[in-house]
Amino acid sequence: MEMRKLVPTVSVPIMVSMLVQALYNIVDGIFVGQYSPDALTAVNLAMPMQMLMIAVSTGMGTGINSLISRRLGEKRPHEARDAARHGILIEVIGWLLFVIVGLFFARMYIGMTNPKAEVLEMGTLYLRIVCTLSLGQFMSICFERMMQATGNTTLSMITQLSGAVTNIILDPILIFSCQMGIAGAAIATVIGQVVSCTVGFVLNQWKNRELRLTHEGFRFDWKTVQNILVVGIPSTIMQAISSVCTTLMNMILAGFGDIYVNVLGVYFKLQSFVFMPVFGLCNGMVPIVGYNFGAQKKKRVYECVRVCLVYALVIMAVGALLFLAVPNLLMMPFDSSADKALTAEGCVALRIICSHFLIAAAGITLSTVFQAVGRGTYSLIMSLCRQLIVLLPAAWALSLIGPNAIWWAFPIAEIVSLAICLLLYRQCDRE
């Protein structure tokens with residue numbers, strides 16, 4: 001198929017499902033914010049650990065997706081099915097790690113920023129629930145990536161939509177009608193994940209014949225696990241860096257007051273509505289690039305990258321215009337305070353941070369190419385520079401000027417990381 005048609009065909013269902021997921025994040029934040037400002041702070045403090053959980057599940061999912069699509073491109077369907085079964089095992093191990101985190105380390109983690117007692121209690125309760133009962137998230141991600149790898153992105157969309165819609169419906173019911181507060185928000189999240197996992201399993205078994213799961217003939221193969229981890233671990237670390245970055249940014253901002261922690265939390269929820277479609281686009285690009293790379297069709301790889309880059313730039317441009325033009329309308333639904341201080345401070349932050357959106361579009365697209373062709377380490381190098389090596393030192397230095405100066409660390413880090421990404425892309429092309 002012509003690449004201008006193939007990319008939307010594969011990517012649009014993923015983009016739609018991720019848009020709904022972003023909408024859930026926004027709606028969830030609005031409901032929690034309207035419940036109480038302390039509840040919003042608690043959820044924002046728990047968010048980096050949730051981001052880490054998502055990083056592990058989706059990072060391993062990227063490794064599964066990449067290996068399956070390459071094996072299919074090489075006409076080795078049995079090995080593709082074997083990769084899927086090993087992927088499930090890896091995702092279950094990931095879930096067990098977070099059960100330990102939720103049971104024994106939730107309170108310590110929330111207490112790192114020295115919040116007041118009410119915030120500490122709510123944050124600990126929320127984090128324990130979403131960590132220990134997260135098997136649905138890990139398995140739903142695995143089934144989604146399996147369907148994406150075979151081009152069944154509409155099925156992947158249905159899987160994610162089912163969970164997100166369930167979550168959005170249950171949030172107000174459990175938080176307000178059942179008077180469960182922040183525990184209701186956590187339980188709604190878990191139920192949505194279970195629904196998504198169930199739908200994903202049924203659709204994979206029913207429609208995704210190439211990767212239909214059976215226990216027959218399964219033998220553990222360490223080489224298959226290594227092939228998944230070689231892409232999955234760098235991808236996980238790359239996304240986990242966001243969790244570490246957000247935790248440390250919260251610690252920097254907490255010195256200026258809870259309001260700046262909440263501004264950062266709301267920004268991440270709002271920017272997901274812009275970034276998630278780009279991530280969806282790039283997730284669709286992984287099997288296309290991986291398949292054509294495996295089939296040694298380099299011209300189609302280049303064409304796919306060009307098409308995805310144009311689409312990503314358009315999406316980011318629209319997002320930047322919204323952040324510049326109507327930041328007050330974006331912030332107000334999260335603000336239940338009488339003086340609307342969150343809205344005022346948020347408007348300043350959104351206008352500064354969105355200046356890097358177009359640069360990020362190029363960086364995200366090229367970084368995904370590295371993952372698709374099995375060069376996950378390159379993506380890791382880029383993310384380290386973008387979110388740790390440059391962003392945090394810049395944020396700390398700018399904090400000496402004042403809280404609003406900190407937001408300039410985001411565009412500074414993005415410019416540096418894109419320069420490094422272009423050098424790595426040139427090296428990857430030579431290889």
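This is a predicted model: local features need pLDDT of at least 70, side-chain atom pairs count only at pLDDT 80 or more; totals for chains, interfaces and linings use all residues.

Q: Let's start with helices. How do I read the packing of α2 and α5, and what are the angle and the distance between their axes?

A: Two packed helices are described by the angle between their axes and the distance between the axes. Here, helix α2 (residues 37–73) and helix α5 (residues 117–132) pack at about 35°, and their axes are 8 Å apart. The crossing of α2 and α5 is right-handed.

Q: Which residues in α2 and α5 meet?

A: On the α2 side, look for Ala42, Leu45, Met49 and Met53, among others. On the α5 side, the residues include Val119, Met122, Tyr126 and Leu127. The contact of α2 with α5 divides into 13 nonpolar, 3 polar and 2 charged residues.

Q: Now try me on another pair. At what angle do α10 and α14 cross?

A: Helix α10 (residues 258–294) and helix α14 (residues 357–372) cross at roughly 35°, with axes that come within 9 Å. That crossing is right-handed. Among the residues that meet are Phe275, Phe279 and Met285 in α10, with Phe357, Ile364 and Val369 in α14. By class, the contact of α10 with α14 has 14 nonpolar, 4 polar and no charged residues.

Q: What about the gaps? How many cavities of 30 Å³ or more are there?

A: Rolling a probe the size of a water molecule over the atoms shows where empty space is left. In this model, the count comes to 2 cavities of 30 Å³ or more. The second largest cavity has a volume of about 50 Å³.

Q: Which residues line the second largest cavity?

A: Its lining is made of Leu45, Tyr109, Ile110, Met112, Thr113, Thr247 and Asn250. The elements that give two or more residues to that lining are α4 (106–110) and α9 (222–254). The lining of the second largest cavity splits into 4 nonpolar, 3 polar and no charged residues.

Q: Last one, the aromatic pairs. How many does the structure hold?

A: The structure holds 13 aromatic pairs. Take Phe323 and Phe357: their ring centres are 5.2 Å apart and their planes sit at 65°, so this pair is edge-to-face. The pair links distant parts of the chain, with Phe323 in helix α11 (residues 298–325) and Phe357 in helix α14, 34 residues apart. Phe357 also takes part in the contact of α14 with α10.

Key
Residues are numbered from 1 along each chain as its sequence is written. Side-chain values use heavy atoms; hydrogens and water are left out. On a 1 Å grid over the protein atoms alone, a cavity is a set of points where a 1.4 Å probe fits but cannot get out, and a pocket is an open set with protein on both sides within 12 Å along at least five of seven lines; lining residues have an atom within 4 Å of a point. Grid points are joined across faces, edges and corners, and a volume is the space filled by probe spheres set on the points. Helices (H or I, at least four residues) and strands (E, at least two) are DSSP runs, numbered from the N terminus. Ala, Val, Leu, Ile, Met, Phe, Trp, Tyr, Cys and Pro count as nonpolar, Asp, Glu, Lys and Arg as charged, and the others, Gly among them, as polar. Axes are lines fitted to C-alpha atoms, for helices over the stretch in contact, and angles run from 0 to 180 degrees between N-to-C directions. A crossing is left-handed if the near helix is turned anticlockwise from the far one by less than a right angle, and right-handed if clockwise. Contact means heavy atoms within 4.5 Å. Rings of Phe, Tyr and Trp (its six-membered ring) pair if their centres lie within 6.5 Å; planes under 30 degrees apart count as stacked, over 60 as edge-to-face and the rest as tilted.
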